[in-house]
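Here's a quick briefing to read alongside the model. Have the structure open and follow along.

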Amino acid sequence: ERLGIYTTGYVARLLECMRADFPVLRRFVGDSVFDAFAEAYIVTEPPHSPSLFDLGADFPRFLEETKPKNSQAPAEMIALLDLPAEIARFERARLEVMRARGTENDPPAATSLSLFEIFSEERKVQATPCLRLLELKFSLVDFFHETDQDPPTHPDQRLSFVAIGRSDYCIHVKEIELWQFAFLSACECPVSAYVAGREAAQQSGKDPSFVLAQLVVWLPVAIQFGFLRLIKH
C-alpha cells in the first residue's frame with residue numbers, strides 16, 4: 001500500500017513538471033487530453049536522468065510516433081494531427097534556449113559592421129550554443145504570441161522556419177526565411193560569412209549576390225538576437 005502511494009505520488013510529480021514545461025500545448029488540447037498523453041509518456045518512457053529538465057526531451061517524438069496513422073479523416077483533420085508534436089517541439093526548443101549558454105558574457109555585440117568586416121576571412125561567425133533552429137509544418141511564432149494572451153486558435157498550416165536565441169537573458173523567437181535558416185545552419189562551426197552565405201544561396205535557390213547583400217543588413221540583427229557570435233582569428 002505504501003509503495004502504491006509512493007508510485008502514484010511519483011507520477012503525479014512528474015506530471016506537474018510536464019505541465020510546467022508545455023503550457024501552450026496544454027492550453028491548446030485541454031487539461032484532460034494533455035494529462036492522458038503525458039501520463040502515457042511517463043509510464044512507457046520513464047526518466048533515465050536525475051535532472052527533471054531532461055524529462056520532456058523526447059515528448060515531441062513520442063507525440064509524433066503515437067499519432068493516428070492511415071486515418072480516413074479529411075485532409076485538414078489529418079494535418080491537425082501533426083500539430084501537437086509541432087507545438088511540443090517549439091516549446092521544448094524554447095525551454096532549451098532558456099537553459100543553454102547564451103551570449104551574456106560575450107563582448108558587446110556590434111550594431112553595425114562594414115563590408116570588409118562582414119566578409120573578411122579573418123572574421124568568422126558561429127552559431128551560439130543556445131541557438132535552436134526549427135523547420136515546422138505550421139506558422140507557430142504568432143500562434144505562441146497570441147496564445148500567451150488569448151484563448152488558443154488554430155495556426156496557419158504552412159512551412160515555416162524559426163530561429164530561437166537568447167541575448168541579455170531575453171529569449172528571441174523569430175520566423176526567418178529559408179536562406180537565413182540555411183545560413184545559420186552553415187554556421188554550426190566557425191566559418192566566414194562569405195562562405196556560409198554562398199552555401200545558404202545554394203541551399204535556398206537564391207542568387208548568391210542577393211544573399212550576400214541581405215547579410216549586410218541582417219547579420220548585425222542575428223548577432224543582436226543571440227543567434228550568432230563573431231569570432232576574430
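Is Cys130 buried or exposed? With a relative accessibility of 0%, Cys130 counts as buried, because the cut-off for that label is under 20%. Bear in mind that this is a predicted model.

**Around Cys130**
- Cys130 sits in the loop that links β1 (123–127) to β2 (132–138).
- Setting aside neighbours within four places in sequence, Cys130 touches Val97, Ala100, Arg101, Gly102, Ile164, Gly165, Arg166 and Gly226.
- Arg94 is 36 residues away from Cys130 along the chain, yet their C-alpha atoms are 9.5 Å apart.

**The sheet**
- Three strands make an open sheet in the order β2-β3-β4, and the pairing is antiparallel.
- On average, neighbouring strands here are turned by 25° against each other, ignoring direction.
- Six bridges hold the antiparallel pairing of β2 with β3, and Leu133 stands opposite Ala163 in β3.
- Helix α6 (residues 83–99) lies across β2, β3 and β4, and runs at about 165° to β2.

- Most residues other than glycine have a negative phi.
- Asp168 is exposed at 62% relative accessible area, and Tyr169 counts as exposed at 65%.

- Nonpolar side chains tend to be buried together in soluble globular proteins.
- The largest nonpolar core in this model has 33 residues, and those with the most contacts inside it are Met18, Leu25, Phe59, Ile87, Phe90 and Leu140.
- Elements giving two or more residues to this core are α1 (2–21), α2 (23–29), α3 (31–44), α4 (59–66), α6, β2, α8 (141–147) and β3.
- The largest share of this core comes from α6, with seven residues.
- Leaving out neighbours within four places in sequence, Phe90 contacts Leu134, Leu136, Leu140, Val141, Phe144, Val162, Ile164 and Val173.
- Another core lies apart from that one and has 29 residues, among them Ala163, Ala200, Ala222 and Phe227.

- How many of the nine residues of helix α9 (residues 178–186) are buried? Seven are, so α9 is largely enclosed by the rest of the structure.
- The buried ones are Trp179, Gln180, Phe181, Ala182, Phe183, Leu184 and Ala186.
- The axes of α9 and helix α10 (residues 193–204) come within 8 Å and cross at roughly 135°.
- That angle makes α9 oblique to α10, and the crossing is right-handed.
- On the α9 side, the meeting residues are Leu178, Trp179, Ala182, Phe183 and Ala186.
- Across from them in α10 are Ala193, Ala196, Gly197, Glu199, Ala200, Gln203 and Ser204.

Note on methods
Residues are numbered from 1 along each chain as its sequence is written. This is a predicted model: local features need pLDDT of at least 70, side-chain atom pairs count only at pLDDT 80 or more; totals for chains, interfaces and linings use all residues. Side-chain values use heavy atoms; hydrogens and water are left out. Buried means under 20% relative accessible area, exposed over 50%, partly exposed in between (1.4 Å probe, protein chains only). Helices (H or I, at least four residues) and strands (E, at least two) are DSSP runs, numbered from the N terminus. Contact means heavy atoms within 4.5 Å. Two strands pair if DSSP finds at least two bridges between them. Axes are lines fitted to C-alpha atoms, for helices over the stretch in contact, and angles run from 0 to 180 degrees between N-to-C directions. A nonpolar core is a set of buried Ala, Val, Leu, Ile, Met, Phe, Trp, Tyr and Cys residues joined through side-chain atoms within 4.5 Å. Angles under 35 degrees count as roughly parallel, over 145 as roughly antiparallel, 65 to 115 as roughly perpendicular and the rest as oblique. A crossing is left-handed if the near helix is turned anticlockwise from the far one by less than a right angle, and right-handed if clockwise.
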